[in-house]
Amino acid sequence: MEVTASTNIALIKYWGKSSLRLNFPAVGSLSLTLREFTTKTSICLSEDGKDHFVLNHKPMDPLEKVRVEALLKAVPEKKRVPIRFLSSNNFPTASGLASSASAGAAAVLAVNYFFQLNWSFSRLLMLALKFSGSAPRSLSGGFVSLEPDSARRKIKIHPLASPLDTLVRVVVVRCGEGPKEVLSRDAMELSKKSSPYYPAWVSTHRADLRRLKRALARGEWDELFSVMEHNTLKMHALTLTSQPPVMYWTPATLAVIRLIREKRSQGWLGGFTMDAGPHVKIFTDAETAEKWADAAGALPGVTGVLIASPGGPPRITIEGKEWEWDGFPN
Ligand code: PMV
C-alpha cells in the first residue's frame, strides 16, 4: 500500500507550541496545499522480523526515525508486525519546503491503512500534529485553516473556499542549497523562550488569521499579500530576535523581496512568504507566475525556481486501486 501526500505552504504561520508533549500549536495557521511537491510513503511486511525505515532510498536519520517510531506506538500491540517503511520526497528534505508536512500526512494515513486501524478523523489529526505542526493541513487540499482549541487540546482543520483557489500559483524561489541551519521545532522553541516579541506574536496572530480568511473569501489579492507578508515578517522577526539569533535569510532572499516590492509597484501581481529556510514563495496568478520565475531566476544567488499549483488531498493506493482520501466528517 502506498500514500502520496502534498506539502503545503502557510500564508499565516504556525510558530510556537503551547505543549511540547502534544506538539500543540500556540497559534492557528492557514495554508495552501501544493500539487507538485509530494511525499510517497509505502509500508509492507518486513521479511527479516525487524523494522526498516528508509527515506529517499537511504536509512532514515535518527531524528526522522523517532517521529515514525512514535507514531507506531499508537498501533495496538496485537496488530503490530515488523514493517518496511519507505518514504521519498520529490523535493529537498528539511530545506524550508515543508517536507515534514507531507511526510506526516502520508505516514499517518499509511500506518492507518496498513494496520487497518480505522482511526477517527480527530485521531488522525492529533497523530499528524504530533509528527509535525504543519502535517494536519496536508490532509486537505486547497486552502485550509488549522484552528487550535487550547482548552480542550484539540485541533480542527477547515478547507476554505475562495474565488482564488483555481487561479493561485506559487513560485518557489530557491535562495541557497542544503538543509536548514536550525530545525523549525528547535527555532520556534528558542523564539518562545528568548524573543521579547513572542507574546506580541501570539496576541496579534488571531487578527491576522481573520483578515486572511476574509481576503480569501472575497478574492482580494492585495489584502491577502498585505497580511501574509506582515505575518511572515513577524515570524522572521522572532527568529532574528531570539537569543542566540537564528538567521534563515541569504543575500538572495533579500534580493527576491526587493524585486517583488519593485515589480509590484509597477503593477505585477504577487506577494511573498517564507518558512524556516532562505527560500521565498511568491503567491500570484498563472499569468504572472512565469514573469516572476524569469525575473527571480535571473538574480544572483538564486539556485532554482519552480512554479506550483494548488493540490488535492492525499491519494491512497491499495492493491492497484487508487483513490483520493476523503476522511472529512460530513
Ligand atoms: O511543521 P513544522 O514543525 O516543520 O513547522 C512549520 C513551521 C513553518 O513552516 C515555518 C510555518 C508553517 O505554518 O508551516
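A backbone N or O atom of Y14 lies 2.9 Å from an oxygen atom of the ligand. This is a predicted model. In it, 14 residues surround the ligand. The protein buries 93% of the 380 Å² that the ligand exposes when taken alone.

**Around the ligand**

- The closest residues are Y14, S132, S134, R137 and S184.
- R137 reaches the ligand with its side chain: an N or O atom there is 2.8 Å from a ligand oxygen atom.
- S184 also uses its side chain, with an N or O atom 2.9 Å from an oxygen atom of the ligand.
- Which classes of residue make up the shell around the ligand? Six residues are nonpolar, five are polar and three are charged.

**The four-stranded sheet**

- Four strands form an open sheet in the order β11-β12-β10-β13. Their pairing is antiparallel.
- Strands β11 (271-273) and β13 (304-308) are the edges, and each of them pairs on one side only.
- On average, neighbouring strands of this sheet are turned by 25° against each other, with direction ignored.
- Strands of a sheet pair through backbone hydrogen bonds, either parallel or antiparallel.
- Strand β10 (residues 168-174) runs antiparallel to β13, and five bridges join the two.
- What is the bridge partner of R174 in β13? The partner is G304.

**Helices on the sheet**

- Helix α6 (residues 221-240) packs on the sheet and touches β10, β11 and β12 (280-285). The direction of α6 makes about 30° with that of β11.
- Helix α8 (residues 286-297) lies across β10, β12 and β13. Helix α8 runs at about 145° to β12.

**Two hairpins**

- Strands β8 (residues 143-149) and β9 (residues 154-160) pair in the antiparallel sense over seven bridges. In this pair, E147 stands opposite K156 of β9.
- The β8 and β9 hairpin has four residues between its strands. R153 takes a positive phi there, near 50°.
- Strands β14 (residues 315-318) and β15 (residues 321-324) pair in the antiparallel sense over four bridges. Here I318 stands opposite K321 of β15.
- How many residues lie between the strands in the hairpin of β14 and β15? There are two, and E319 takes a positive phi near 45° in this hairpin.

- Most residues other than glycine have a negative phi, and most peptide bonds are trans.
- Q116 is not a glycine, yet its phi is positive, at about 50°. Q116 sits in the loop between α2 (99-114) and α3 (121-131).
- Is the peptide bond from Q243 to P244 cis or trans? The bond is cis, with omega near 0°.
- P244 is found in the loop between α6 and α7 (251-265).

Key. Residues are numbered from 1 along each chain as its sequence is written. This is a predicted model: local features need pLDDT of at least 70, side-chain atom pairs count only at pLDDT 80 or more; totals for chains, interfaces and linings use all residues. Side-chain values use heavy atoms; hydrogens and water are left out. Two strands pair if DSSP finds at least two bridges between them. Axes are lines fitted to C-alpha atoms, for helices over the stretch in contact, and angles run from 0 to 180 degrees between N-to-C directions. Contact means heavy atoms within 4.5 Å. A residue is near a molecule or strand if one of its heavy atoms lies within 4 Å of it. A polar contact is a pair of N or O atoms within 3.5 Å; within protein, one must be able to donate a hydrogen and the other to accept it, and residues adjacent in sequence count only if both atoms are side-chain atoms. Accessible areas come from the Shrake-Rupley method with a 1.4 Å probe; for residues, only the protein chains shown count as cover. Ala, Val, Leu, Ile, Met, Phe, Trp, Tyr, Cys and Pro count as nonpolar, Asp, Glu, Lys and Arg as charged, and the others, Gly among them, as polar.
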